[in-house]
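Work through the exercises below with the model open. Try each task before reading its solution.

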Amino acid sequence: MRQAGRHLPEYRELRGDTDVLTLCRTPELAAEIALLPVRRYDVDAAILFCDIMVPLAGIGLEVQIVKNQGPTVAEPFRDDRDLARLRPLEPEVDVPYVLETIKLLRKELRIPLIGFAGAPFTMASYLIEGGPSRDHVRTKALMHREPKTWDRLMSALGDLVLTFLRHQVEAGAQAVQLFDSWAGTLGPDDYERFVLPTSRRILAGLEDLEVPRIHFGVGTGELLALMRAAGADVVGVDWRTPIDVAWERIGPAAGVQGNLDPAACLGPWESVERKATDVLRKVGGRPGHVFNLGHGVLPETSPEILARLVDLVHERTARTATREDHA
Ligand code: CP3
């Protein structure tokens with residue numbers, strides 16, 4: 001989750017004034033950026049450097065990623081007529097650089113590479129709002145006023161996301177993460193009616209590729225069981241729900257990823273250690289936990305703190321494994 005972002009001085013240096021979409025379109029640079037956190041930290045997996053808006057830019061929409069703001073869309077979606085602008089994605093033609101970046105990364109990495117895409121609801125929110133939004137009122141208005149248009153929009157974005165993720169796996173991605181970052185803005189009923197069916201179709205459409213499917217959103221405490229029901233092998237949890245409570249909701253058969261508050265990493269080491277230990281204590285050594293932050297690394301985060309955090313998790317979880325070995 002934007003872990004390669006602004007908290008690393010070497011990222012800021014590499015990036016200079018180049019915008020994010022240009023970085024994504026330049027395989028050598030994108031691969032190098034994805035490797036930066038891997039070189040610094042002893043992490044167990046790497047994430048592709050890309051952005052959720054890349055496939056939309058790839059089919060010709062006028063998308064920008066504005067610094068300190070986020071993605072913007074020049075002509076936001078308003079009604080049925082805009083659906084014609086969502087043509088099918090042909091990854092080899094429209095986003096060949098993403099597939100090339102994955103191939104470059106696989107040559108360099110000795111840890112698994114996670115590919116990703118934005119989920120249809122989260123992408124739709126940028127398309128309809130025209131940029132980041134606090135309450136997603138326009139998105140919800142379209143959903144409730146024009147449910148048929150909404151369903152067609154979800155269907156087109158569902159096709160695009162599924163095609164994109166399948167090509168990422170075929171190019172070498174060893175796990176996929178579907179980011180429905182802003183789904184938590186919905187209550188469970190609307191999530192189930194307007195979002196879940198498309199997410200379910202995408203996740204089911206990946207099943208034969210036999211890679212772990214991670215599904216994540218922010219503020220989704222009340223949606224966790226539904227996100228699992230959508231077909232995720234692993235459900236990502238932000239910091240608002242204690243991880244043991246989250247796992248109860250998700251059920252024992254799925255993995256859980258999370259859930260240290262990224263802001264906790266801004267504190268002194270003693271408090272980071274206490275908070276991280278608390279997450280591990282709540283998990284209690286259950287297999288299937290992927291330790292992670294509950295959302296992206298904040299730009300103000302010190303790399304030294306993250307390096308210590310990664311080492312702490314390795315030490316503590318290795319100890320749990322040893323204890324089990326002797327049990
Ligand atoms: O960890 C990584 O760096 C991997 C690459 C990655 C990026 N975006 C590159 C990026 C990933 C996994 C994303 C996903 C993404 N992008 C999501 C889903 C995950 C999440 O964070 O919830 C969303 C919602 C976006 C849309 C987006 N892109 C936002 C909201 C922003 C922040 C804008 C800002 O400046 O605050 C971006 C920009 C972005 N995408 C950056 C990176 C590294 C920051 C780039 C910079 O300013 O240098």
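Predicted model: local features only at pLDDT ≥ 70, side-chain atom pairs only at ≥ 80, totals over all residues.

**Exercise 1. Classify His167 as buried or exposed, and find its partners.**

Step 1. Locate the residue: His167 sits in helix α9.
Step 2. Apply the cut-off. Buried means under 20% relative accessible area. His167 has 18% relative accessibility, so His167 counts as buried.
Step 3. List the contacts. Leaving out residues up to four places away in sequence, His167 touches Pro91, Glu92 and Leu99.
Step 4. Check the separation. Leu99 is 68 residues from His167 in sequence, yet their C-alpha atoms are 7.4 Å apart.
Step 5. Pick out the polar partners. The side chains of His167 and Glu92 make a polar contact at 3.3 Å. A polar side-chain atom of His167 also lies 2.9 Å from the backbone oxygen of Thr163.

**Exercise 2. Compare the reach of helix α13 with its expected span, then list its buried residues.**

Step 1. Count: α13 covers residues 269–283, 15 residues.
Step 2. Compare. First to last C-alpha is 21 Å, close to the 21 Å expected at 1.5 Å a residue.
Step 3. List the buried residues: Trp269, Ser271, Val272, Ala276, Val279, Leu280 and Val283.
Step 4. Look just past the helix. Gly284 takes a positive phi of about 65°.

Conventions
Residues numbered from 1 in each chain as written. Heavy atoms only, no water. Helix = DSSP H or I, 4+ residues; strand = E, 2+ residues; numbered from the N terminus. Expected span 1.5 Å × (residues − 1). Buried < 20%, exposed > 50% of the residue type's maximum accessible area, 1.4 Å probe, protein only. Contact = heavy atoms within 4.5 Å. Polar contact = N/O pair within 3.5 Å; in protein donor to acceptor, adjacent residues only side chain to side chain.
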